[in-house]
Amino acid sequence: MTNILEVKNLKIWDSRNDRVIVPNSSFYVKQGSCLAIVGESGSGKSVTCKAIMKLNKAGIRQSGDILLRGENLMELSEQRMRKKRGKQLCMILQNGMRAFDPSCVVGVHLKETLMEHFGWGRDEIIAKMKNAMESVMLKDPIEVMNKYPHQLSGGTLQRVMIALAIVLEPDILIADEPTTALDTLSQFEVIEQFLQLRERMGCSMIFISHDLGIVKLIADEVLVMKEGEIVENGTTQAIFSEPQHTYTRYLLSSKLAMNQHFKRVMGGVNVAER
Ligand SMILES: Nc1ncnc2c1ncn2[C@@H]1O[C@H](COP(=O)(O)OP(=O)(O)OP(=O)(O)O)[C@@H](O)[C@H]1O
């Protein structure tokens with residue numbers, strides 16, 4: 001299987017105080033597979049993904065190689081990167097609300113994005129988005145497109161983003177804690193859509209999550225980060241059944257303890273056990 005993305009010797013640092021955030025990371029994503037990045041808060045998951053998009057805040061610098069289908073993104077100008085974002089590299093953020101411009105209805109944002117990347121006309125865009133939105137179980141797509149972001153729930157906005165990704169068909173979809181801001185029911189529904197997206201489109205994905213139950217469901221491979229370093233990586237099965245690093249074992253055991261607590265409090269089965 002070929003690698004769609006290869007990250008080599010990625011270093012990320014804060015140029016304002018020379019603090020190194022990620023010293024030296026190398027990993028790859030195989031075509032059509034899902035790589036989960038796990039680790040505690042502050043371990044460098046988000047800055048790593050933003051580095052792939054070249055979207056870290058000014059002041060945060062990066063070096064190394066990021067090869068997307070063999071093309072080194074590090075060598076591209078901002079103008080050329082802008083053409084890649086959305087079309088080839090799509091990112092779904094934790095909070096759907098922040099991804100949309102609050103001053104216009106959701107449909108405007110969708111139209112602008114699709115016009116920029118494909119040059120489609122209005123009717124074509126509406127038809128394609130309507131289909132994609134229906135496929136992620138958004139019941140009234142036209143009504144949703146005519147609403148402002150604040151009038152929609154977090155779960156609906158994440159589904160709109162997934163629908164947009166379906167239409168964009170990116171080479172790789174990066175999802176940064178896409179369900180964290182959602183209530184449990186919406187989490188289930190959104191994860192279900194990610195699973196279907198993978199099945200239907202064979203989309204390559206990087207999925208950041210601190211929820212190991214979700215990771216177990218969705219990922220083929222797992223990369224464990226601690227304080228900016230990759231401490232372990234391997235197939236999901238290997239990581240869950242034979243974790244090598246103490247830190248991975250710690251993450252797994254704290255997840256287990258939380259599950260048991262959850263079960264005691266709520267009764268029934270939760271995500272980790274599906
Ligand atoms: N804009 C920034 N300026 C300076 N430091 C930053 C910036 N963004 C992130 N960092 C630092 O980089 C480190 C890694 O942060 P990052 O957000 O990648 O962690 P994370 O693993 O994604 O955590 P979380 O799950 O909380 O999002 C942290 O120490 C953080 O303080």
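Does asparagine 72 count as buried, exposed or partly exposed, and with how many C-beta neighbours inside 10 Å? Asparagine 72 has 13 such neighbours and therefore counts as partly exposed. The classes rest on C-beta atoms placed from the backbone: a residue is buried if 20 or more other C-beta atoms lie within 10 Å of its own, exposed if 12 or fewer, and partly exposed in between.

The model is predicted: local features need pLDDT of at least 70 and side-chain atom pairs count only at pLDDT 80 or more, while totals for chains, interfaces and linings use all residues. Residues are numbered from 1 along each chain as its sequence is written.

**Sheet**

Helices (H or I, at least four residues) and strands (E, at least two) are DSSP runs, numbered from the N terminus. Two strands pair if DSSP finds at least two bridges between them. An open sheet of 4 strands has the order β2-β1-β4-β5, and its pairing is antiparallel. Strands β2 (19-30) and β5 stand at the edges with a single partner strand each, so one side of each is left without a neighbour in the sheet. Strand β1 (residues 3-14) is joined to strand β4 (residues 60-68) by 8 bridges, and β4 is joined to strand β5 (residues 71-72) by 2 bridges. Three of the bridge partners are listed below.

| Residue | Bridge partner | Strand of the partner |
|---|---|---|
| isoleucine 12 | glutamine 62 | β4 |
| leucine 67 | asparagine 72 | β5 |
| leucine 68 | glutamate 71 | β5 |

The hairpin of β4 and β5 has 2 residues between the strands, and arginine 69 takes a positive phi near 50 degrees there. Asparagine 72 itself belongs to strand β5. Two residues are in contact if their C-beta atoms, placed from the backbone, lie within 7 Å. Leaving aside neighbours within four places in sequence, asparagine 72 is in contact with Asp65, Ile66 and Leu67. Its C-alpha atom is separated by 9.2 Å from that of glutamate 6, which is 66 residues apart from it along the chain.

**Core**

A nonpolar core is a set of buried Ala, Val, Leu, Ile, Met, Phe, Trp, Tyr and Cys residues joined through C-beta atoms within 7 Å. The largest one has 72 residues, and Ala163, Ile174 and Ile206 have the most contacts inside it. Helix α7 (residues 154-168) supplies the largest share of this core, 8 residues. Beyond its neighbours within four places in sequence, alanine 163 is in contact with Met129, Ala132, Met133, Val136 and Leu138.

Glutamine 151 is found in the loop between α6 (141-145) and α7. This residue counts as exposed because it has 11 C-beta neighbours inside 10 Å. Glutamine 151 and isoleucine 92 are 59 residues apart in sequence and 19 Å apart in space, C-alpha to C-alpha.

**Ligand shell**

The ligand is surrounded by 13 residues, of which the closest are Ser41, Ser43, Lys45, Ser46 and Val47. A residue is near a molecule if its C-beta atom, placed from the backbone, lies within 6 Å of it. Helix α1 (residues 45-53) gives the largest share of this shell, 3 residues. By class, the shell holds 3 nonpolar, 7 polar and 3 charged residues. Ala, Val, Leu, Ile, Met, Phe, Trp, Tyr, Cys and Pro count as nonpolar, Asp, Glu, Lys and Arg as charged, and the others, Gly among them, as polar.
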